[in-house]
Amino acid sequence: MGSDQNPSRSGDAPDAGGTPLPSSAGTEAHHHHHLEQSRLPIWIALVLALLFGAGTALQSRVNGQLALALDDPFVAAAISFGSGLVILLIVLPMWKPGRAGLARVVGALRGRTLPWWMVLGGLAGAWFVTTQGLSVGVIGVALFTIAIVAGQTVGGIVFDLIGLGPGGRRPLSATRVVGAVLALAAIGWAVSAQLAGDAPILLMVLPFIAGIGASWQQAVNGRVKSVADSALTATVFNFAVGTAALVVVMLVHAASAGWPDALPAEPWLYAGGALGCIFIAGQAMLVRRLGVLLLALCGVAGQLVAALALDLLLPTADRPVDIATIGGTVLALIAVVIASVRWGRRKHALAPAEVTGGS
């Protein structure tokens, strides 16, 4: 990215929190980043990532119910993103670090030290909810979830390897590979009872791409947060871009299918945007500490735990929770523990991939 992001360009290499570290006399330039060990212990980062993953599941339940009430998933998605953007635009003028971060990002875009496409993370969120409307009704929630998780896992591995996230390149290790495989097995086990019939290949590919996009979104939002030094700023860009994209999709769909007859009266159906503000900002804050893959695995585990809790406490169907769902949730948590073992002891990561405004 810019010169302030690459420690190989100066004698004083910044650590993950941005604090300059003096280079040792008589040695080569410091070519690796120090991860944020002192600022945020790994176990706290993991717990927060699990909670944000749970927030994703809760948001999916809320948005799903709103889509059912409206009988229009595209309008529901636009309402969710749009309400989140309204909340952020209200908070931004009152939060000085967010305003300063906005100026930093605009300056970095003008100076081409931040590529313009890195502020488009919200497009991945818009694509995610669009694929829900296109795929879930045909292939079912189970296959959709498996395709999403597979895409997130593959994306997490690739983007960590190339160093797209702000924490730098994170080479593959045995524990991370095992954790990724276990996460895929966990989601497959958790939804195995729901799998039935043949699914169109195209409608499996769409959510798979959306899963890769979700990992890309976390990585680029983290880079924007790194430039802005404000998770709020990164979240504003995410919601602004996503809302714009979804409004276009909504208008195109409404031109052929019409508009919903009426808006539902239940206030809680409009909480999806507020939930999204919380976990998108949280993920932008944590991706530098955990890396794209481990953050994605925590999200998977958090979603399974929350989904299990919601099914037990607030069921929406008569089908009881089965042993596969419980076993898959436990296996997902084990996958996170295994994948995070090495990172709990590791002190360095390679520098982030160098990207320029012309990339």
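Where is the place of S230? S230 sits in the loop between α6 and α7.

## Basis of the model

This is a predicted model, in which local features need pLDDT of at least 70, side-chain atom pairs count only at pLDDT 80 or more, and totals for chains, interfaces and linings use all residues. Residues are numbered from 1 along each chain as its sequence is written, and side-chain values use heavy atoms, with hydrogens and water left out.

S230 counts as buried because its relative accessibility is 4%. Buried means under 20% relative accessible area, exposed over 50%, and partly exposed in between (1.4 Å probe, protein chains only). Leaving aside neighbours within four places in sequence, S230 is in contact with W95, P97, G98 and K225. Contact means heavy atoms within 4.5 Å.

At the start of α7, a side-chain oxygen of S230 comes to within 3.3 Å of the backbone nitrogen of L232. Helix α7 covers residues 231-257. Helices (H or I, at least four residues) and strands (E, at least two) are DSSP runs, numbered from the N terminus. The 27 residues of α7 should span 39 Å at 1.5 Å a residue, and the end C-alpha atoms are 37 Å apart, which agrees. The expected span is 1.5 Å times one less than the number of residues. Just after α7, G258 takes a positive phi of about 85°.

## An aromatic pair

The structure holds 1 aromatic pair. F81 and F239 form this pair, which is tilted, with 5.3 Å centre to centre and 40° between the planes. Rings of Phe, Tyr and Trp (its six-membered ring) pair if their centres lie within 6.5 Å; planes under 30 degrees apart count as stacked, over 60 as edge-to-face and the rest as tilted.

The pair links distant parts of the chain. F81 lies in helix α2 (residues 73-91) and F239 in helix α7, 158 residues apart. F81 and F239 are both buried.

## The nonpolar core

The largest nonpolar core has 68 residues, and V105, L286 and L290 touch the most other members. Helix α9 (residues 292-313) gives the most to this core, with 9 residues. A nonpolar core is a set of buried Ala, Val, Leu, Ile, Met, Phe, Trp, Tyr and Cys residues joined through side-chain atoms within 4.5 Å.

Not counting residues up to four places away in sequence, L290 touches I42, A45, L46, A49, R170 and L295.

## P200

P200 lies in the loop between α5 (174-190) and α6 (201-228). Its relative accessible area is 36%, so P200 is partly exposed.

Definitions and conventions
Polar contact = N/O pair within 3.5 Å; in protein donor to acceptor, adjacent residues only side chain to side chain.
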